2 protein chains.
Amino acid sequence: VVLVSPRNPLNIGAAARAMANFGFERLAVVAPFAPNWREARSAIGAPDQLLNAAEHPTLGEAVAACTLVVGTGSLTYRKPEQRVVQLPVLAPLVRQQIEQGGRVALVFGPEKHGLTREDLSFCHILVEIPTDPRQPSMNLGQAVAVCLYELAAHAFRAEEASCAPASLAEDPCTEVGRHVAASGDLELLATVIDKAMVAVDYSPATMRDKNSHDMRLLLRRLGLGRLDTRRILGLFRRILWRLEH
Amino acid sequence: VVLVSPRNPLNIGAAARAMANFGFERLAVVAPFAPNWREARSAIGAPDQLLNAAEHPTLGEAVAACTLVVGTGSLTYRKPEQRVVQLPVLAPLVRQQIEQGGRVALVFGPEKHGLTREDLSFCHILVEIPTDPRQPSMNLGQAVAVCLYELAAHAFRAEEASCAPASLAEDPCTEVGRHVAASGDLELLATVIDKAMVAVDYSPATMRDKNSHDMRLLLRRLGLGRLDTRRILGLFRRILWRLEH
């Protein structure tokens, strides 16, 4: 669970409590507002989650080792740039990643306005909680609880449904034994491609930011494997080297 | 939603907010501790739920008109006297009642100790949230959110079950505006990338054929869209042009 710029320490504590309730251990806090957030009294029963929580200056660093980064939030005022998955069907994706040895981050934005467009560019997919369209804005601690409940309940539900025909067919696009690239590797690749784009004057000045942004989204959308990423990185490094010499 | 003897008005407000999030309207509060509970500031987006909430002196009166009363809480320290249903499979029971014209109450106990044995005697069934046995005690507002989410998500999930399973690979047919690249486009891209690889001396002579081959396989494996393909093609053409001039 990654909380980006949470303002109220009580909400950090509430998130930690929900993690303890549903058996999740690794909390990361990005650029928290209150320096004393580890003392949140609302983290009842979750001392370890707070004590061991990592603090990062940026979201990119927080999710560097993750192979699937899931952004949360209301999409009412925002046109999504990634695939949107409804929370009730998220769990199989998460499970698949973990079974393949991947690591998954569930990212929550600040209380007031949620994740920014830049935050979202680190996300492979967005998850939407099926709320009433008249009141989609959830309390942060409640949103964390609902998401973690859904993941924890999935196993239970899957067992219950095991009499029904198995519908969780294997994803044909996922190669056996293929390892998904971690977010940090993708970010490194994006940086090198970005340098190449600058070196060859690919973008007019006014389009540079947009093109960088779009390229980062594209890399995440492709579901690149670790070897693929390394191969492409090698090619672009070679291109850069050639351009500079 | 029935809250029995809630101590903290913030929790009443949080429950009201979750109700608004998931489209539930009728809140009842039994013997609340704070007389000013209707002013809870945490009821963001849920003024109607608080304003129209009923206050009852006893649980018996609060659920008098209900045909199915569902008690919630941890059963760790208590031997259940009713049928216990796990939350992930509660929704069909609730739905059935409502379709038969019944009314359902979801009853939550006070923060500290939950529903008493006497409270539970008003319940037809007990629902258990599948929490980690080491930390089963949930925050009241989070417990309400999780239960209401489950009921709201049930309809969604039932619909999804009749469709294909979710998978991380995008279904290219469902994404608006995105069309899968034709094989010819991919081949054109492969050719241009190949030229770039030659231009920067990416491959040792003995590896050239293998690397070209692998790159073409990679491009197909990624399931590139037509626009993605055009974007990457543009970048590599620009790189080639720069290398040659």
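Helices and strands are DSSP runs, a helix of at least four residues and a strand of at least two, numbered from the N terminus. In those terms, S5(B) sits in the loop between strand 1 (2-4) and helix 1 of chain B. The model is predicted. This briefing covers the overall build of chain A, then selected helices, loops and single residues in chains A and B.

**Chain A as a whole**

- Chain A contains 9 helices and 7 strands. Its radius of gyration is 19 Å, close to the 18 Å that the globule rule gives for 245 residues, so chain A is as compact as a globular protein of that length.
- The C-alpha trace of chain A spans about 60 × 50 × 35 Å along its principal axes.
- Buried residues make up 54% of the 245 in chain A.
- Among contacts in chain A with a separation of 6 or more, 83% join residues 24 or more positions apart.
- Chain A carries 27 positive and 26 negative side chains, with the centres of the two sets 3 Å apart.

**Helix 1 of chain B and F22(B)**

- Helix 1 of chain B covers residues 9-22; at 1.5 Å a residue, its 14 residues should span 20 Å, which agrees with the 20 Å between its end C-alpha atoms.
- This helix is mostly covered, with 12 of its 14 residues buried. Among them are the alanines A14(B), A15(B), A16(B), A18(B) and A20(B), together with R17(B) and M19(B).
- F22(B) belongs to helix 1 of chain B, and its relative accessibility of 7% means that F22(B) counts as buried.
- Beyond residues up to four places away in sequence, F22(B) touches residues of both chains: I129(A), P130(A), T131(A), D132(A), M138(A) and V146(A) on chain A, and A145(B), L148(B), Y149(B) and A152(B) on chain B.
- F22(B) and Q100(B) are 78 residues apart along the chain, and 22 Å separates their C-alpha atoms.

**Helix 2 of chain B and Q49(B)**

- Q49(B) lies in helix 2 (residues 47-51) of chain B. Its relative accessibility is 9%, under the 20% limit for a buried residue, so Q49(B) counts as buried.
- Not counting residues up to four places away in sequence, Q49(B) touches A16(B), M19(B), A20(B), F24(B), E25(B) and L27(B).
- Q49(B) and R26(B) lie 23 residues apart in sequence, with a C-alpha to C-alpha distance of 6.5 Å.

**Helix 8 of chain A**

- Helix 8 of chain A runs over residues 208-221; at 1.5 Å a residue, the 14 residues should span 20 Å, and the 20 Å between the end C-alpha atoms agrees.
- In helix 8 of chain A, 10 of the 14 residues are buried, so the helix is largely enclosed by the rest of the structure. The buried residues include the charged-type side chains D214(A), R216(A) and R220(A), as well as L217(A), L218(A) and L219(A).
- The cover over these buried residues includes helix 5 (117-120) and helix 7 (183-199) of chain A, and also helix 9 (226-244) of chain B.
- G223(A) follows helix 8 of chain A and has a positive phi, near 60 degrees.

**Helix 4 of chain A**

- The buried residues in helix 4 (residues 91-99) of chain A include A91(A), P92(A), L93(A) and V94(A), along with Q96(A) and Q97(A).
- Just after helix 4 of chain A, G101(A) adopts a positive phi of about 85 degrees.

**Loop residues**

- S5(A) is in the loop between strand 1 (2-4) and helix 1 (9-22) of chain A. Its phi is positive, about 45 degrees, although S5(A) is not a glycine. At 29% relative accessibility, S5(A) counts as partly exposed.
- S5(B), also a residue other than glycine, has a positive phi near 45 degrees. Its relative accessibility is 29%, so S5(B) counts as partly exposed.
- A65(A) is in the loop between helix 3 (59-62) and strand 4 (68-72) of chain A, and at 43% relative accessibility A65(A) counts as partly exposed.
- Leaving aside neighbours within four places in sequence, A65(A) is in contact with R103(A) and A182(A). The C-alpha atoms of A65(A) and G102(A), 37 residues apart along the chain, are separated by 8.9 Å.

Key:
Residues are numbered from 1 along each chain as its sequence is written. Chains are lettered from A and ligands numbered from 1 in the order in which they are written. This is a predicted model: local features need pLDDT of at least 70, side-chain atom pairs count only at pLDDT 80 or more; totals for chains, interfaces and linings use all residues. Side-chain values use heavy atoms; hydrogens and water are left out. The radius of gyration is taken over C-alpha atoms; the globule rule is 2.2 Å times the number of residues to the power 0.38. Buried means under 20% relative accessible area, exposed over 50%, partly exposed in between (1.4 Å probe, protein chains only). Contact means heavy atoms within 4.5 Å. The place of a charge is taken as NZ of Lys, CZ of Arg, CG of Asp or CD of Glu. The expected span of a helix is 1.5 Å times one less than its number of residues.
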